[in-house]
Amino acid sequence: MSQSSTPEKNSLPLYPMVVMGVCGTGKSCVAKAIAERLGLAFKEGDSLHPQSNVDKMSAGIPLNDEDRVPWLRKCREWLRGEAQKHTGAILTCSALKRQYRERLACGLPVRFVYLKTSRAELEKRLANRKGHFMKPGMLDSQLKTLEEPTADEPVIVVPADAPLEEIINTVVAELKKLPYPQPGYLDDPKAAALAADTDRKV
């Protein structure tokens, strides 16, 4: 997706963002809409999975923490690369556990957009979704793994079953309340050391 400068984008603090939630919440739809509205770079996090992960999920086998390590590393690398451009960016990633979110945000001013909805709504959406390697039967595993973001995390919580335009407006309104990222965060040696240490951990 090509990036463009818009009056709305120019008035916002440009954070790397991650649209998160379990399968079926509409992460891709929401992230693409935000990217289009604000002229941001967009990346589908699923495209960064190693083939071994895709094969497991296609077979209906849930991923474990070890499986997710190389994927989360690639996701963070993409976020960092985009952060270096200081133009804002948005990534889709389930980011189910707090430790996953900490890995993604380590040394970066990442803001998460958590799409929250009911199990019944998720089951309905997944039953109607075609052509995705994430099987409907894996919802149980994702809900069991999910650690909902808490108030001390950099997160914007929105109802996933709200109209798309309402979701986008809520996200933009919340972004407008944020301070601008501190300059120099990419060059912070403490943050770099912390990121390296995080990458060594499962």
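A polar contact here is a pair of N or O atoms within 3.5 Å; within protein, one must be able to donate a hydrogen and the other to accept it, and residues adjacent in sequence count only if both atoms are side-chain atoms. Keep that in mind for the table further down.

This is a predicted model, where local features need pLDDT of at least 70 and side-chain atom pairs count only at pLDDT 80 or more, while totals for chains, interfaces and linings use all residues. Residues are numbered from 1 along each chain as its sequence is written, and side-chain values use heavy atoms, with hydrogens and water left out.

After helix 3 comes Gly60, with a positive phi near 80°.

Now for the inside. A nonpolar core is a set of buried Ala, Val, Leu, Ile, Met, Phe, Trp, Tyr and Cys residues joined through side-chain atoms within 4.5 Å. The largest one has 28 residues, and Leu79 and Phe112 are among those with the most contacts inside it. Helix 4 gives the largest share of this core, 6 residues. Apart from it lies another core of 25 residues, Val19 and Val172 among them.

Helix 4 also holds Arg68. Arg68 is buried yet has no salt bridge (a side-chain nitrogen of Lys or Arg within 4 Å of a carboxyl oxygen of Asp or Glu).

Over in the loop between helix 7 (139–145) and strand 5 (155–159) sits Glu147, which is partly exposed at a relative accessible area of 37%. Its C-alpha atom is 5.9 Å from that of Leu96, although the two are 51 residues apart along the chain.

| Side chain (polar atom) | Backbone atom | Distance |
|---|---|---|
| Arg68 | Leu63 oxygen | 3.2 Å |
| Glu147 | Arg98 nitrogen | 2.9 Å |

Technical notes. Helices (H or I, at least four residues) and strands (E, at least two) are DSSP runs, numbered from the N terminus. Buried means under 20% relative accessible area, exposed over 50%, partly exposed in between (1.4 Å probe, protein chains only). Lys and Arg count as positive and Asp and Glu as negative; His and the chain ends are not counted.
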